[in-house]
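Here's a quick briefing to read with the structure open beside you. Take a moment to turn the model around, then work through the topics below.

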Amino acid sequence: MGAYKKRIVDEILTKRLESKGAVLVEGPKWCGKTTTALQQSASVLRMDSPESKEQNLNLAKFNPLRLLKGDTPRLLDEWQLAPSLWDTVRYEVDQRGRMGQFILTGSAVPPDTKEITHSGTGRFTWLTMRPMSLFESGESTGEVSLRNLFERKGNLDGESQLGIEELAYLVCRGGWPQAVGLKQEVALRQAFDYFDAVVRSDINRADGINKNPERVKRIMRSLARNQGTQVAVTLIAQDIALNEVETINEDTVYTYIEALKKIFVVEDMAAWNPNLRSKAAIRTSDTRYYVDPSIATASLGIGPEDLINDLRTFGFLFETLCVRDLRVFAESLDGSVFHYRDNSNLECDMVVHLRNGSYGLIEAKLGGDTLIAEGVKNLLRLKKKLDITKMKEPAFLMVLTGLGQYPYQREDGILVVPIGCLRN
């Protein structure tokens, strides 16, 4: 095993352990949850260990406190295999009366929550972990800090090292820790292996129901074709009907997508609802995104060369990469990422909104003067619609580019920043 690559979530986990008796770390398989939790745990229980899985499950039923014995923080890995552990941990946190007792990691929501009788309020805190951002994997120089942009500190300076070939490769490789540092062909294989695992087995863990692998593939392909849109389940069913021989009803599509959400493969983006001067109706549908762009490329069976030859698809999947990175960064700033669209079809790809009310408006554009100008136009139109008598002014307006080399500020105040320079 190689040296541990520091994650942005490391510091967040430390703070959460100081504030609650137990921390639940959730996220997709292979994103590094267990490895990260091991850096701060003093003992570990691996619920899915082949040598002790059956014994662990029996103890979870008849003597669960035995499983919690060990130095603290104690890591309970893949705890959702025995949902009853939740209430046991909650009880033990109450009895001990100390912070930082347990870390629970899970790559799926428990399929059966009937054994959980308490929400965990006051005892647990939740932490979402995602695949690596470009800054964490070493492909972004990190010279432009999102935190500094919110605080209006520092000069806008830096240089991205990413050309079109490398950026296309990074979209297809994804942020999977196991892929970082491998030879290109081997690294690209990791996303396809992840896709195969989801199709063949992982999706069934969401609700304990075996699903048709071919149906899973078709739905995942459709989701890949509709990245960054508010496509409805009905339209996904129609898309499948147009591209495949077999039709699938809407209820089945909905069930499969919900299962993908429960194993953190799909992470849709909620709509942003600001105060507006106009009476424009805000569209509240969630925007469809995979948790990592490589899942989309693997679903479509494409690689870096395919993206370079199809810049339109490249642009959509670059946006998915930007969403992934900004979600990682926003988590460390106590914020979330939203999408804006109104009934005039004015859109803003990403709104990073912090709990203190500060927010930044961001458009993702692969590159080129024409696309950047389009992003600028959208940002300025949205800014004019905001009622700043009832909310703060935006901390910044930014076009996040893929192929730009240097960050700079335009005369109109809008920032143009390459993704290869950005960090939290």
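Which helix gives the most to the lining of the largest pocket? That's helix H2 (residues 33–38), which puts five residues into the lining. Keep in mind as you look that this is a predicted model.

**The largest pocket**

- The largest pocket has a volume of about 640 Å³.
- A set of 24 residues lines this pocket, and the closest to its centre are Trp 30, Gly 32, Thr 35, Pro 177 and Gln 178.
- Sort the lining by class and you get nine nonpolar, seven polar and eight charged residues.

**The cavity**

- Rolling a probe the size of a water molecule over the atoms shows where empty space is left.
- If you search the whole structure, you find one cavity of 30 Å³ or more.
- The largest cavity holds about 90 Å³ of space.
- Its lining is made up of Arg 7, Ile 8, Val 9, Ile 12, Thr 128, Met 129, Arg 130, Pro 131, Glu 136, Val 328 and Glu 331.
- Two elements give two or more residues to that lining: helix H1 (9–19) and helix H15 (311–332).
- The cavity lining counts six nonpolar residues, one polar and four charged.

**Helix H9 and its partners**

- Start with helix H8 (residues 164–173) and helix H9 (residues 184–200): their axes come within 8 Å and cross at roughly 40 degrees.
- The residues where H8 meets H9 split into five nonpolar, one polar and one charged.
- Now follow H9 to helix H10 (residues 213–225): this pair packs at an angle of about 130 degrees, with axes 8 Å apart.
- That angle makes H9 oblique to H10 as well.
- Here Phe 195, Val 198 and Val 199 from H9 meet Pro 213, Val 216, Lys 217 and Met 220 from H10.
- By class, the contact between H9 and H10 has six nonpolar residues, no polar ones and one charged.

**Helix H13, mostly under cover**

- How many of the eight residues of helix H13 (residues 293–300) are buried? Seven of them are, so this helix is mostly covered.
- The buried ones are Pro 293, Ser 294, Ile 295, Ala 296, Thr 297, Ala 298 and Ser 299.
- These buried residues pack against H8, H9, H10, helix H14 (304–309) and H15.

- Ile 414 sits in the loop between strand S11 (408–409) and strand S12 (415–418).
- Is Ile 414 buried or exposed? Its relative accessible area is 1%, and buried means under 20%, so Ile 414 is buried.
- Leaving aside neighbours within four places in sequence, Ile 414 is in contact with Val 376, Leu 379, Leu 380, Leu 397, Met 398, Val 399, Tyr 408 and Gln 409.
- Ile 414 and Asn 155 are 259 residues apart along the chain, and their C-alpha atoms are separated by 14 Å.
- Asn 226 is in the loop between H10 and helix H11 (233–243).
- With a relative accessible area of 17%, Asn 226 also falls under the 20% cut-off, so it counts as buried.
- Skipping neighbours within four places in sequence, Asn 226 is in contact with Val 231, Asp 239 and Arg 288.
- Ile 388 belongs to the loop between helix H16 (369–385) and strand S10 (396–401).
- Because its relative accessibility is 36%, Ile 388 counts as partly exposed.
- If you don't count residues up to four places away in sequence, Ile 388 touches Arg 277 and Glu 393.
- From Ile 388 to Asn 148 is 240 residues in sequence and 22 Å in space, C-alpha to C-alpha.

Notes: Residues numbered from 1 in each chain as written. Predicted model: local features only at pLDDT ≥ 70, side-chain atom pairs only at ≥ 80, totals over all residues. Heavy atoms only, no water. 1 Å grid on protein atoms, 1.4 Å probe; cavity = no way out; pocket = protein on both sides within 12 Å on 5 of 7 lines; lining within 4 Å. Points joined across faces, edges and corners; volume = space filled by probe spheres on them. Helix = DSSP H or I, 4+ residues; strand = E, 2+ residues; numbered from the N terminus. Nonpolar A, V, L, I, M, F, W, Y, C, P; charged D, E, K, R; others polar. Axes fitted to C-alpha atoms, helices over the stretch in contact; angles between N-to-C directions. Buried < 20%, exposed > 50% of the residue type's maximum accessible area, 1.4 Å probe, protein only. Contact = heavy atoms within 4.5 Å. Parallel < 35°, antiparallel > 145°, perpendicular 65-115°, else oblique.
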